[in-house]
Amino acid sequence: MIQTKITSSMEKCFLDGNIADYAELTHLSALKNERISFQLLYTDDTVDATIPYRANTFRLEIEGIDKSLASVRRVESVPVTIPSLGEGGDGNFARTTPGLYPDPLMPLHKGGIFVMRGQLQSLWVEIDLGERLPAGEYTVTLKLVDGQKEVHAKNSLTLKVIDALLPEQEMILTQWFHCDCLATYYNVEPWSEEHWRIVENFAATAAKNGINMLLTPVHTPPLDTAVGKERTTVQLVDVTVKNGEYSFSFDKLDRWIEMCNRVGIRYFEIAHLFTQWGAQRAPKIEACTEGEYKRIFGWETDSTSEEYTTYLRAFLTAFLAHMKARGDDKRCYFHISDEPNKLHVDRYRAVKAIVADILDGYPIMDALSNFEFYQDGLVELPIPASDHIEPFIEADVKSLWTYYCCGQYKGTSNRFMAMPLARTRSIGVQMFKYNISGF
């Protein structure tokens with residue numbers, strides 16, 4: 001017999017779970033322009049072992065609201081070998097053992113919905129109101145229907161649409177957007193027409209989900225790159241060297257900005273000007289020199305060298321002049337180096353001095369956790385990790401940002417697949433409480 005239940009989008013539905021253990025969701029509320037989500041759990045508790053799954057002709061029918069407002073995807077389970085970096089987590093994990101964990105949302109099978117015997121699965125239902133539904137209460141009904149139009153399961157909830165609008169997002173949100181990874185994954189030439197199409201699809205999806213700042217690869221970002229290795233080149237600014245002088249073409253950058261404008265990206269996070277974890281080296285820069293396109297700076301280049309200093313000052317001067325002419329310079333945020341620590345203070349001070357006068361008046365921000373960088377005036381816009389933010393809050397740092405990465409697994413919000421989704425969502429409350437400006 002097929003069993004179904006509507007439950008919260010905050011639940012994590014494991015394949016070996018028991019549907020009876022999940023609380024039923026009966027009411028939801030939303031503002032007139034919100035997107036809301038919930039899940040439909042389903043399983044087959046038939047005891048006949050000769051029936052591995054029900055016929056794959058089930059489809060989901062939604063009644064009570066305009067069907068065009070809703071989208072449905074299946075929650076897929078994927079292997080997780082390291083649920084937490086700490087042994088046993090911190091007591092607030094859904095599970096701490098390796099196994100299959102629910103995470104990606106996938107399109108429905110073309111043949112319909114498989115209902116596996118003895119497995120608990122779920123569908124993710126999203127309703128995008130978009131001011132297309134008047135205020136009031138609606139009964140939303142979900143039905144699992146077979147090819148003969150027989151209804152095998154039926155569940156309902158009440159949706160209350162509140163007569164108010166969610167205001168425009170004020171907080172700045174960026175999640176590093178790696179164009180080189182998209183080129184590699186889809187096996188396309190960087191900045192080919194197909195690459196541009198793929199990049200825009202992902203940028204549009206990012207913007208739909210609240211991201212309003214995009215990592216902008218004026219040069220290939222020097223991030224998460226092993227010493228001596230390099231990432232696929234995705235440099236947006238074309239550089240030419242002639243008689244020792246630098247010139248720049250911003251055609252691809254202009255196309256990038258136009259793409260961002262189309263999809264709703266408001267801010268540009270300019271790629272870091274020096275390498276990660278210490279600012280010791282220059283990022284990879286490629287240029288056309290004497291008719292040959294080649295790397296002119298990289299791991300072999302000391303970050304304070306005269307050659308790179310000359311280049312960087314020429315580039316930033318030309319870049320800002322171009323952005324000012326476009327009227328887009330105030331949309332830019334700059335980085336020196338990612339995650340420096342107290343051992344790197346002197347080097348950080350030295351490399352920042354190279355560009356400080358040119359970038360005067362523009363926000364310079366970096367992820368770091370040592371309060372001394374802010375206290376000594378080295379970083380005006382610090383981004384401490386969420387487990388090191390206390391001294392920055394106590395100092396009443398203006399326009400404070402925060403971030404988390406792999407290390408924030410104990411006593412913090414994060415997105416480990418093994419964490420309950422309520423724990424992931426809880427950072428929103430923290431941001432509101434402490435008036436966080438960016439993430």
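This section describes the overall architecture of a predicted protein model and the surroundings of its helix α2. Because the model is predicted, local features are reported only at pLDDT of at least 70 and side-chain atom pairs only at pLDDT 80 or more, whereas totals for chains, interfaces and linings use all residues. Residues are numbered from 1 along each chain as its sequence is written, and side-chain values use heavy atoms, with hydrogens and water left out.

The protein chain contains nine helices and 18 strands, assigned as DSSP runs (H or I of at least four residues for helices, E of at least two for strands) and numbered from the N terminus. Its C-alpha trace spans about 80 × 50 × 45 Å along the principal axes. Of the 439 residues, 49% are buried, that is, under 20% relative accessible area with a 1.4 Å probe, protein chains only. Among contacts (heavy atoms within 4.5 Å) with a separation of 6 or more, 69% involve residues 24 or more positions apart.

Helix α2 comprises the 16 residues 193–208. The distance from its first C-alpha to its last is 23 Å, close to the 22 Å expected at 1.5 Å a residue, where the expected span is 1.5 Å times one less than the number of residues. Within α2, the buried residues are H195, W196, I198, V199, A203, A206 and A207. Just after α2, G210 adopts a positive phi of about 100°.

How values were computed. Buried means under 20% relative accessible area, exposed over 50%, partly exposed in between (1.4 Å probe, protein chains only).
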